[in-house]
Amino acid sequence: MYPIIVFSVSGLLMLFLGLSVNKKSLLPYNLLFMLVGLASNFLDWNAPGLYFNGMLEISNPIILVQWVLIFAAILVSGISSRQFDDTHAYPAEYYAIMQFALVGALIMVSFQNLLMLFVGLEILSVGLYVLTGSDKRNLRGNEAAIKYFLMGSFATGIFLFGVAMFYGATGSFDISSGNSVANNLLEGKMFFWLGMVFIFIGLLFKISAAPFHFWTADVYQGAPTVFSAFMATIVKTAVIFALFRLAAYSFNLEYENWSKFLVIIIGLSMVIGNVTAVFQTNFKRVLAFSSISQAGFMLLSLIGLGAQSYGNLGFYSLSYALATISAFGVFLVISSNTIVEGRPSENINVFDGLFSRNPDLAIILLISMLSLAGIPLTSGFWSKFFVLNDAAAKGYFWILILGVLMSAVSLYYYFNPIRASFKKTDLGKIEISSLSKYTLYVCAALTILFGIAPNILRSLF
Amino acid sequence: MTFIALIPLFPLIGFLINGLGYGKISKTAVPWIGTGASLLSFVCVLLAYLNFKETAIIVNLFDWISIAGLNVGFSFQLDQLSIIMLFVITGVGTLIHLYSAGYMSHDEGYGKFFAYLNLFLFSMILLVLGGNYLMMFIGWEGVGLCSYLLIGFWNKNTDYANAARKAFIMNRIGDVGFLIGIFLILQNFGTLEYLEVFEKAKAFHVGDGIIVAITMALFVGAMGKSAQIPLFTWLPDAMAGPTPVSALIHAATMVTSGIYMIVRSNVLYTLSPFTLEFIAWIGLATALLGATIGLFQNDIKKVLAYSTVSQLGYMFLGLGVMAYSSGLFHVITHAFFKALLFLGAGSVIHAMSDDQDIRNMGGLWSKIKITAITFLVGTIAISGIPPFSGFFSKDEILAHVFEHNKIMWALGMLGSFMTAFYMFRLFFVTFKGSFRGTEEQKHHLHESPKSMTTPLIVLAVLSAIGGFIGFPEVFHLPHRLNEFLSPIFENSRLVNSSFGVVHISHNLELILMGASVLVAVISILFAYMVFGNGKNVPVADSEVVGLKKLVYNKYYIDELYNKVFVGPISAISFFFANVIDKKLIDKIVNSVGEGVNFSSKKIKELQVGVTGSYILFMTLGILLLVLYQFGPSLLSTFNLLQNK
Amino acid sequence: MHFLEIIKNLSLVQWAFYFLSILTLYGALGTILSKNPIHSVIYLVVTFFSISGIYIMLNAQFLAAVNVIVYAGAIMVLFLFVLMFLNLKEESTEMKTSPMLIAAVSTGLLLGLILIATIRKAEITRVNYNDFDPNTGLIETLGMVLYKNYMLPFELVSVLFLVAMSGAILLGKREKGESHF
């Protein structure tokens, strides 16, 4: 709960700093605020309970997830170094909005009241609509922002509709009241069920699960790369945990009911995400489709819904964030070094010869791709192993087979950048700012560390 | 105890030094580090073996994962089985490292190559030394990755890269089975540690459904890794990699990990006769298929590759009739002679200035004597002529098969007839007759350096005498391998009374032996009659006709797979990417490109149109979901209304 | 005949409700069907007013007032201003019977049908008139709930507004330089 306060205030401060401080020193301030937020979370440690009249729940597992969110935001800020140096960028506003969005994300993983969830969701979404269109000269970005806004509002509407029905059925916004209708007869539950399905759909849209994924590729491609990374990691983590809270606290007695449509959504996400990614030539679109399929995998832990699922999901979120941020980070550095027709190239061939241009980046890219594909000794393997084990525990073997098969398909496109990076080339070396370099090192090192000794992270949850 | 942890450590260190220091370490130091790491590892295995007493040693380095319902340790298990495998891996591995020092010396990625080789060795050691199924899987994936890296090592042309990717993806398909097997074990036994799983398995009855499911799933993994029907087509393609890689990974070690896995899980397999029967038939079919294709191949490495596929089939045939130790015996001898043959082929290719087509060779006997003689030893060994090693192991398998099923035995004999034929065909065409290559190649012909011939000689000696670790019972000489391995099969004996009981009389055994030697000799004579004079050379590709053409083109299996699997999948993917995804996008791209100032009415419509269609799709999704969810209960409402 | 009987027996409250509902729907349809954007806005005002009427019937006077002031007043005026500034001369959207439109309408109708069917099936607990607190929708009660129970979300909404505001300013700033794609 403290980081919520910290980021609300620091966002404002950031806006003011934009007036007085020069552009380049804004990033250190941003990192400082984020570290303060990270540290302030310690104050909540071992103080579980409901706060503010049952609006927020604080417990150690929740704090861990909040750490994951803040840590991912720090990493995203890290790779943003030097990206906002030119005159058309407004880093103060960007960072302020990022911090506000983080407030929304933090609320979404700890809400106890659907009203809080709605407020958190809106803070996060509105922030991202703006960030998507923040590069105003980029017409594709404008396009993406409008599209994201329109479709996001549509999804929010559906979500709200669901919340209203939830309220109608239970007479309360408290998430635990979902259980109060458990004993009602079929007729009495109809309202509740409809509300449940609509709430699910609204949130599934936000994590871009198929068939509600249509916006994803356009928006990832149009948004400035830093914010695509933000979207891929923080938004996804926040929303999946919001879904998990709802599944575990409001709808757990209806498991039979929602799990049967959720598995279909998972299957669709895996198939559409992976299969569509194969022929993409734009790297950001590849990552967008990869994020769709990863959303499918993450949702498996909802299907599992056992004592271990929360921790499994936490592990998945962090390892996915590490791999995705390092992929975006490496791509960001290279693409801003490869200007085609006046703007950074996003084609997958920017990776050509990366190994000879900057071996460190090539290795980081390799680790990140291996982790996304779920190859052992990277954390990505364990995260997939955990969630698949969850699904197996519930006896959903067909989705397990599909999941493993689709991860075999995913190798096809995850290996493309790797292959490209080992090509021979005579292009010059790539320079990289030391902050993003160290950020990427941290991502890669943690990916390997959690791959070799997953227990370090997993036993925390 | 400490030696055990050191075994995988040395290759890892070697990998880190050569990998991180790539480009910085001098070219003379690279092979020393790589080969040294492998040799030290071998020494550790030796020391561990000398300190080994009967019972399995478990070394738990740290808890890998320990949450409720899932406890897996990063543990090593040293027992008879892992010792044997380790000897093969580190021993043959060291020789191949040494060979590579000479073979790869002109390559610019020298350091990278040794780093990969060491990484492979590390993964392979994890695979066989791991104390639970997850460790095995880590090694399993690790060797797959190294194989990918090494096949695509010369990523100069896309064919090589595609071969590498094909290998990796086919392996991954097999891994689907393996992973599912692991999940099944975890769900049904609650643990993945070998000893606990096998202990609990004893409570099951023979033919239990769960055990059948587990063993079948695991076997799918073995099919992928050990190139069995239908997942075998990657192995011949994998020959795109450097020859030492083919020798180490695609002949001696990695491809045999499927056999290792089954021998390791022998209790489970013994409990499931259905799976065993399935394995036997798959193995037999693969053995015959590989052998027939091998008959007409003209690429020296392709012949050996199909021969490997076929020999792996024999090993599975052995496992399928519960002759686990015979299967493992063949793994060992095969590692010797097939590594020898591949390295010999490498030496030939080296001499031929990187030409692999045997139609351009001929008469090399006098030019590269050491290579030729060692190659002959390998050829005799694989053909099953006593007292060379291949005879003992293959004969043991066939004897067990005879006891199990006479038809299988007959087919197996047919396969071994073909084996001897295509191997001697290869030998005669390559080494006999007169040279058919270009003048330039002829001028360049030379024997390989010492670092390459030494491993050849060592392997030739091993191929010749390696069979003596397991004499047939009839000779009243000790079968050391069986005695040594006996504790591994303790549980199998307990769960299935029919395990390990031999009914064959000594006379019959002698007759069988004689028969197989006779078959081999006839086959060799036949090959000599056709190719011995060195004049009868395989014809050019275009002149191959009829049935022969079918076999020559590998029964068009690759083409079939492309049609049936790859084609539809890429078509779907293409549809998703280019029709659903791109068409819509291109529309906007083009229209925005036309009028950047946003004034055009058309753009506005299009933009709204696309967003609208996205929303339409989503609404459809919602509609279908709600229908799916509430359809049945809504239908009853509808009926209610009608009744009113 | 049955139908007429029902109409005859409607109470005054029911009359008011049906009138307002029909007006709301009329306004909503007018908003999306009229070709002139200014007409659309006016129709929307009608919708908001009639919804406010329904709020009053639900004993939510404060909400009704706020709805009129904020939506019908402020936001609609803003819309009108924007439309007049843009000075749209030509009819921007023509109604075409494209397959898209048919698909959209039919999907929407189908979804609506299903929802109606589902809600019909649902059992709704009715409010008991006798123990209903007449102060429920009044500003005092609302204030107590907002500032006591829902204090946190109420405060956090300010963060939402802040994001929206700074975002609007960020996007609204005129950008020099070339646009690119």
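The expected span of a helix is 1.5 Å times one less than its number of residues; helices (H or I, at least four residues) and strands (E, at least two) are DSSP runs, numbered from the N terminus. This is a predicted model, where local features need pLDDT of at least 70, side-chain atom pairs count only at pLDDT 80 or more, and totals for chains, interfaces and linings use all residues. Residues are numbered from 1 along each chain as its sequence is written, while chains are lettered from A and ligands numbered from 1 in the order in which they are written.

**View 1. Helix α8 of chain B, end to end.** Helix α8(B), residues 209-225, has 17 residues and reaches 25 Å from its first C-alpha to its last, close to the expected 24 Å. Twelve of those 17 residues are buried (20 or more other C-beta atoms within 10 Å of their own, with C-beta atoms placed from the backbone), so α8(B) is largely enclosed by the rest of the structure. Look for B:Ile211, B:Phe219 and B:Met223, which are among the buried ones. After the helix comes B:Ala227, with a positive phi near 55 degrees.

**View 2. Where α8(B) meets α11(B).** Helix α11(B) covers residues 257-264, and its axis sits 8 Å from that of α8(B), at an angle of about 155 degrees. (Axes are lines fitted to C-alpha atoms, for helices over the stretch in contact, and angles run from 0 to 180 degrees between N-to-C directions.) That makes the two helices roughly antiparallel, the word for angles over 145 degrees. B:Leu218, B:Ala222 and B:Lys225 of α8(B) meet B:Ser257, B:Gly258, B:Met261 and B:Ile262 of α11(B); contact means C-beta atoms within 7 Å.

**View 3. Helix α14 of chain A, under cover.** The 15 residues of α14(A), 359-373, should span 21 Å at 1.5 Å a residue, which agrees with the 21 Å between its end C-alpha atoms. Twelve of the 15 are buried, including A:Leu361, A:Ile364 and A:Met369. The buried residues pack against α11, α12, α13, α15, α16 and α17 of chain A. Just after the helix, A:Gly374 takes a positive phi of about 80 degrees.

**View 4. Chain B against chain A.** Chain B puts 51 residues into this contact and chain A puts in 47. On the chain B side, β1, α5, α6, α25 and α26 each give two or more residues, and α26(B) gives the most, with 13. That side has 34 nonpolar, twelve polar and five charged residues (Ala, Val, Leu, Ile, Met, Phe, Trp, Tyr, Cys and Pro count as nonpolar, Asp, Glu, Lys and Arg as charged, and the others, Gly among them, as polar).

Notes: Two residues are in contact if their C-beta atoms, placed from the backbone, lie within 7 Å. Angles under 35 degrees count as roughly parallel, over 145 as roughly antiparallel, 65 to 115 as roughly perpendicular and the rest as oblique.
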